[in-house]
Amino acid sequence: MDTTTDTHCPYCSLQCGMRLAVAGDYAMSGGGTAPGGGLPHVVERPEFPVNRGALCGKGRSAAALLGRASRLTTPLLRVRGGLRAASWDEALDRVAGGFASIRSEHGADAVGVFGGGGLTNEKAYQLGKFARVVLGTANIDYNGRFCMSSAAAGNRAAFGLDRGLPFPLEDIPRTECLILVGGNPAETMPPALRYFSELRDNGGTLVVVDPRRTRTAEHADIHLQPRPGADLALALGLLHLLMADGLVDTAFVEARTTGFEEVRAAATAHWPERVERLTGVPAAQLREVAGLFGQARTGMVLTARGPEQQSKGTDTVKAWINLCLAAGKAGRPYSGYGCLTGQGNGQGGREHGQKADQLPGYRSIDDPAAREHVARVWGVDPAALPHAGRSAYELLDSLGRPGPDGVRGMLLMGSNPVVSAPHAAHVTARLRALDLLVVSDLVLSETAQLADVVLPSTQWAEETGTMTNLEGRVILRRRAVEAPEGVRSDLWTMRELARRLGVASGFEEDPEKVFDELRRASAGGPADYAGITYGRIRAEDGVFWPCPAEDHPGTPRLFLDAFATPDGRARFSPVTHRPAAEEPDADYPLHLTTGRVLSQYQSGAQTRRVEALSRAAPGPFVELHPLLARQLAVAEGELLAVTSRRGRVVAPARITDAIRPDTVFMPFHWAGAGRANTLTNPALDPTSKMPEFKVCAVRVEPARADALGSEAAEAAAAGPVPGRPWGTA
């Protein structure tokens, strides 16, 4: 008989509830295909409040990766000629010996750690502890820096606290006007689209801001289509109109905020006609949206990667928060600013210590009181803890460089920067320059293929652990099946490496014990999990942080009484428009923007191995407007070469009037000739250190397949990536 386990989807930040149905013979088989009935299968879980049973194609097919065919099932070591199978003892001895040698010769900071936004809270917490206590390195960061860091910086500056959404998703249908900036949930988190549809059904207005007419924009009442990189000017223009039309909520501004006069001066310089020139959005549309938002009794602004993945992403987020504060639409029911977090544990992953400047509980690593508290939990001297290290791109850029600032060895866990990092060819070269690259993952990703040691890790259905979704709801993934023989959890791996590196205790394999330590470490911090237990999560379908005690109900809605600043007031931030780090010119006359498609996820390391998803989205493409296609004399499906100052890629043309004529779009899920991040600009936001993924200058021209190499032929074919058994060398 089948048994079912309540759990959650392994992909996006919704963390949709699901059940995994497992045949008895599979559960006993240790993975692979069960003798009597194939793989486990996903079943709807309608009582979970976030998705209410709805699942996208990625979620429904999530069990496909539980078989052996596409999995790593043994450690791999690099030898002349490639990677060969190895025992765990051999692999761990090589890792520990290599890191010890690098530390001895070059110092502790010559070893780096790179984590992932898909790691459970327990793994992210223990990874940060491992870096600082065992390796003694300041150089740890994670791929979530590329996702929500600008929104996080804006939230902390304005409200004193960063949580993706300060309210549950169920509040969205009850607001009167919602502005969604640079997000496409219809494709990136489809079960969330119902909340926006219900908003409109209830008489509310949905405004979508995006350079493309996405599936989400097609659901909107109003679609604003600015040039890439112009979101900051757009927000300033809307604030200018609120002020000009007498729609500022002066009572709210006076009672609950500070700093408005400085912001007023900046917004005054962004009148509608100037903003139309900067953004391409007609002044009439600006006036319409400002009137709707200002006159609504309740309203929300939600941002996603579009405005955030810019070299001015933090200021852009601050500008949209300023709009909310001026309109009195924050800290009140059914109102506020929020960020649509992307990765599965993008929220929890940035709270508990795998970020360069952070300790557990969202504490600053340079705060003496925070260092003392966490050091006491860890049983170490606060003075022994490193201080802040490099941000994600700065860390990747330092790999293999000579001298005291170079990182010579790296432990990389649950990330694939060969595909996902900006200026990806450069990052690939830096990874190749390392003395020792160790990758822990469940598949042989493009990054793992470069590694000296590859460690096979358990995945979502084979382990228990908590995640924190975009609402700040802490949920529990539960183990439903045994991992294949030869696969180990990352918690076990860190414990074994710690022992080999001279730290005999303090690193647990049991995730509940790790979570209990995380609770103690986070107690009293901004992200306080002290009152959250596995038992409560099971009983309550998740608990919202902050939750400082076990008798505390959790906090679904933040800021209703006060903001998390010392005086309880929200902070306006004076910002002004500035251009992108790289604007089009005569040599590179077009904007490139990047994003996701419905049937793939992030770097595609997992979803490209699922046959149904690869059939639906088999390869990269270049989306361009018919006017540009005619100018280039290119037809649908013909190969285009897209070139930036950093490289050249090739992919088939997809012609649509849904995109601006001055802009092309590429999805970033693929490696090889169509790797979009070969082109993207690593220019960093000065505050968040977010790279400028969402706008760079390119030129586009036809490309002939017979004049290009094998990678281009692969891009033209755009076929699915087959699964490959890596259980043997």
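Student: What radius of gyration would a compact globule with 729 residues have, and what does the chain have?
Tutor: The rule puts a compact globule of 729 residues near 27 Å, and the chain has 25 Å, which agrees. That radius is taken over C-alpha atoms, and the rule is 2.2 Å times the number of residues to the power 0.38. This is a predicted model, where local features need pLDDT of at least 70 and side-chain atom pairs count only at pLDDT 80 or more, while totals for chains, interfaces and linings use all residues. Residues are numbered from 1 along each chain as its sequence is written, and side-chain values use heavy atoms, with hydrogens and water left out.

Student: What box do the C-alpha atoms fill?
Tutor: Roughly 70 × 65 × 60 Å, taken along the principal axes.

Student: And how many helices and strands are in the chain?
Tutor: You get 24 helices and 30 strands. These are DSSP runs numbered from the N terminus, with helices (H or I) of at least four residues and strands (E) of at least two.

Student: How much of the chain is buried?
Tutor: Buried residues account for 66% of the 729. Buried means under 20% relative accessible area, exposed over 50%, and partly exposed in between, with a 1.4 Å probe and protein chains only.

Student: Let's zoom in on E23. Is strand E23 mostly covered or uncovered?
Tutor: Mostly covered: six of the six residues in 590-595 are buried. On one side sit Leu 590, Leu 592 and Thr 594, and on the other His 591, Thr 593 and Gly 595, all of them buried. In a regular strand, side chains alternate between the two faces of the sheet.

Student: Which strand pairs with E23 in the parallel sense?
Tutor: Strand E27 (residues 663-667), over five bridges. His 591 has Thr 663 of E27 as its bridge partner. E23 also pairs with strand E30 (residues 696-702), in the antiparallel sense and over three bridges, and there Leu 592 stands opposite Cys 696. Two strands count as paired if DSSP finds at least two bridges between them.

Student: New topic. What's the order in the open sheet of three strands?
Tutor: E1-E2-E3, with antiparallel pairing. Strands E1 (2-8) and E3 (41-44) are at the edges with a single partner strand each, so one side of each has no neighbour in the sheet. E1 pairs with E2 (residues 17-23) over seven bridges, and Thr 3 stands opposite Val 22 of E2.

Student: OK, cavities. How many of 30 Å³ or more are there?
Tutor: Four. On a 1 Å grid over the protein atoms alone, a cavity is a set of points where a 1.4 Å probe fits but cannot get out, a pocket is an open set with protein on both sides within 12 Å along at least five of seven lines, and lining residues have an atom within 4 Å of a point. Points are joined across faces, edges and corners, and the volume is the space filled by probe spheres set on them.

Student: What's the volume of the second largest cavity?
Tutor: About 140 Å³. It has 21 lining residues, and the closest to its centre are Pro 166, Phe 167, Ser 335, Leu 558 and Phe 559. Helix H5 (149-159) and strand E13 (336-339) each supply at least two lining residues.

Student: And the second largest pocket, what volume does that have?
Tutor: About 480 Å³. Among its 27 lining residues, Glu 187, Val 597, Phe 621, Glu 623 and Arg 654 are the closest to the centre. Strand E26 (residues 647-655) gives the largest share, three residues.
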